[in-house]
Each structure stands twice: as C-alpha cells, then as structure tokens.
Amino acid sequence: MSEHPYLEMSGITKRFAGVTALDSVNFNCELGEIHALVGENGAGKSTLMNLLGGLLTPTEGTIRLDGKRVELPDPNTSYDHGIGFVHQESNLLTNLTVAENMFLSHEILRKGVLDRATMRQKVMEVNERLGYKLDPDAQVGSLKLADQQLTEIARAVLSEPKLLIMDEPTAALSEEEVERLFAILLKLRDQGVGIIYISHRLEEVVHLADRVTVFKDGKNAGELERGDISKDRMITMMVGRTLSDIYPDRSAVTPGEVLLDVKGLRVPGAAEDISFTVCAGEIVGLGGLEGQGQRETVRAIFGDLRYTAGEITVRGQSIAPKQTIGGRIRSGLGYVTHDRRGEGLILHESIRENTSLAALERVISKFHLIKGDEEQRQAQAQAGRLKIKTPSLEQKVGNLSGANQQKVMLARWLMAGPKVLIVDEPTRGIDVGARMSVYEIIHELTQEGMGIVILTSDMLELIGLSDRILMFYEGHLTAEVPRAEATEERLMQAASGGKKEGSAT
C-alpha cells in the first residue's frame, strides 16, 4: 500500500440553502480496491460522489489525488483527472446514438469532422472487452432500460479511468448481466483501478467490496474491512436495526376470500399454462430469474399484454381478454410498474396530478371537469398516510427521491382503491430504511383486506415479504412454496428449472 491513498477527501462539508448534506466527511479510496459506500437515501453518498464527479463543489474541505490537491469544478475536469462515473439515473441523450453518447464532449475528430468510423470501432472494442452487444448506431431512446445502463457502463470504462464511481449500476440489469458486470469490476480492480461502489443491494456489497464506508445523516457512521463485512452489520450501522427487524411479522396471516383467480393463462412467447390464486389479506410473491415470464404474466393480467388462452376473474367477475386497462382498474386491479421513471410517473407533473391519475373518475364532475378541491383532499390524504416527504403536493415528482417517487406510485393506487394490487420490484433503487416503510405499507394494505402480488429479483425480499412464493422458469411455474418452507436454496433450484413442487391453485 502506498504512503497515502490515491483519493483523499478530507473534512468535506456541503450545504444547500442552509441544509447541511455533508458534515466534515472523510473518505478515501486506494487504486486496486473496491470501496463500497452505503447508507440510507439522503445520507449523503451521491452528494459526495457528485463532488468528486465535478457536478458540485464543496462548501468546505479538500480533495487530493495521488497526494496533490485538486479542484473539480465541472465533469470534464473530473474526467481529465481520470475519474469515470456511472450515474444512478441515466445521463444519456436519447436522441443521439450509442457511439455519440459514449464520446459526448470527447468526440474523435479528423480535419474538424466527426470520425464516426473510429468511434464505431472503439465502441465495438469495448463491446468485446465487456461482453456486450451494443449497436454503435442505435439511437439510445430506442434501447431497453438495461441496454441504456450498459451504455453508461461502457462509456465509463471506455475512458480507462483510474477511479470508477458506480452509483446503483445493477438496478436495471438481469442476473446474467449483473454477474458479467461483477467479473468486469473484479478484473478492473486487479488491473489497478480504484472502484467506488454505491448500492442498496447489500448482498452485492458483501460479494464485491474490499472495504465499506457507511454513511448516516451526512456523516461517516463507520468503516468495515473485508473480513468484517456482513449485511446485518451494515444495516445495524445504517438504521440501528438488525436484519430480522426489516420485514413485518406475517406469522398470524389468515387468507380470506379468493380475490384473483388465474387459470391456464398463456402469453405468446412468454408464459404457458399459468394458474394461481390470490386471497384477501395475502401477499403472493412471483420469483425467478430475469425474463422467465413472470412480468409478462402480470402485464397480461392487467391488460398491458395480449394473452391467447386462460381465464382471469377478480372477486368472481370474469375479465374478458379484450377488456381495457381502464375496465380492469374498475374491476379492482392495480399495477405498480418496475420502471417508475420510464413508465409510471410523469416526472414534470406534480405529486397531486400523478397521485390522481388512476382515480380521475372519483374527482371528475358531471361536466367532465376535475374537481380541484376533491382531488387535493384525496391526494393529501394518501400523501399523509404514506408519509411522502415534500413541502407541497405541487412539487414536481421528478425532484423527489426514489423512495418518495415509489410512495407516489403506491398513493396513486390507494386513491383508486383496488382489490388486488400488483407491485413490480417494490423497492428497486431505494435504501433499507425506505424499504422498511414500503414493506409496512404493503403489510397494512393486506390487513385491510387487499390481495397483493409482488415481483422482485431480491431473493431475501421475496422470502421476507411473501406468504406464498410462485417460481417461474422458461414461462412455466416450477414451484409453489409456503412462507415457512422458503429458503434461498429451494427457490434457486426452482428458478433453475427444478422439479415442480406443490400446487399453485
């Protein structure tokens, strides 16, 4: 180890309009290590990294690289100092191609003209290095969310950084893509790159990190070395509670009447002969590796995808295959999408407007005008119930934290009053403390008689929250596992095509 860490951030304080986001923080990173940074939303992690990435400047404190004090007033200066940054939210320009985005502000020119051939070639080289298949000429706006994230990662690696900041890099990736990313990060570490890894998926941190720094309320809450890193210890340092406290106690759950009954559902190219029920007061978890048909199944139930066989009933009422989404909402179905920013929320509109979207019939007068006072009253009631942190319901949703955006999505459906609520990735991209709040909300809804279906790629979440778990593999159900019998090993066997267990009906 060198005489001093390659990166040293000392006494870093950052204030915004009188609010102290960082308070005398010290942080360092060596070349050739993966240093994870964890903490709840608002703990200061991203603010610290935005200082390093040149997006913000510190109110107080110093930043040193290789022992030399540096000023990082903008992203280009940070880039020139060998700092790569993969942001949690996409910074890509959707109207440009993959190659144009990857070389944005660092274009290759020949005689004053873009050298597109060389740029394409370099994209193909980084594709080969990372095992990706990105089309350099594809417009980024046409890419699926995962490929946009891969473009962000490829752009950062292309610059051959000395320090690489990864802020929630796996949120949109499949399990196979996550494993490939981990292999890349370990290889970069072994080549001498310093990697700062931010993730709410603490199992990833346990797997990857050489060191962990925990943030709480804008301050260092402690540091763990490789041999001491565990999920339980990190959670305790972040929120003062142990892993066993995270999930609500569902041991006394007694399912009521059948609210949703799915029989023999077939979604072309995605799912075959899917049958299951959801009862009042029950949480049914759908699990499996990415792309095994579970998401297509719930989208077909909600009316977002076509199904060619099967029956769906809600509280005994048959849902016709051609029934509109609006009709299904009136029948008692609700759906919280996994992609809240891309599919779920209108980011430039207010909390009030986003909350009332699925329940406009409740606040529209006989003259087809929105009754503003009633809309405000109902939206305020749901915002208060879910403890959405905002100075006003007129706040733009795009300005909220990920946790509060997720709560707005839930508030929308509480206002609509469904009998069965499908929640796809209920806690993607939000921290442990906020997750506990979302889990408690879901638990309370079932106590009021709602039936809940959750889809989650987080195995511990699937086990901790569900009363029954249905595992998908290649479009088929391979197991139905009651809560008391659910283990990671059993579920992984089912997710890998193991012998079918139990009955899903």
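## Basis of the description

In this predicted model, local features need pLDDT of at least 70 and side-chain atom pairs count only at pLDDT 80 or more, while totals for chains, interfaces and linings use all residues. Residues are numbered from 1 along each chain as its sequence is written, and side-chain values use heavy atoms, with hydrogens and water left out.

## Helix H14

Helix H14 covers residues 372-385, and its 14 residues reach 20 Å from the first C-alpha to the last, close to the 20 Å expected at 1.5 Å a residue (the expected span is 1.5 Å times one less than the number of residues). Helices (H or I, at least four residues) and strands (E, at least two) are DSSP runs, numbered from the N terminus.

The buried residues of H14 are Glu375, Gln378, Ala379, Gln382 and Ala383, where buried means under 20% relative accessible area, exposed over 50%, and partly exposed in between (1.4 Å probe, protein chains only). Seen down the axis of H14, these buried residues fall within an arc of 135°, so they line one face of the helix; the arc is that of the directions from the helix axis to the C-beta atoms. The face turned away from this buried side carries the exposed residues Asp373 and Arg377. Among the elements that cover the buried residues are helix H12 (351-355), helix H13 (360-363) and helix H15 (402-416), contact meaning heavy atoms within 4.5 Å. Just after H14, lysine 387 takes a positive phi of about 55°.

## Alanine 36 in strand E3

Alanine 36 lies in strand E3 (residues 34-39) and counts as buried because its relative accessibility is 1%. Leaving aside neighbours within four places in sequence, alanine 36 is in contact with Tyr197, Val205, Ala209, Arg211, Val212 and Thr213.

## Exposed residues with positive phi

Lysine 111 has a positive phi of about 55° although it is not a glycine, and this lysine lies in the loop between strand E7 (109-110) and E8. With a relative accessibility of 86%, lysine 111 counts as exposed.

Aspartate 273, in strand E14 (residues 271-279), is also a residue other than glycine with a positive phi, near 55°. Aspartate 273 is exposed, with a relative accessible area of 54%.
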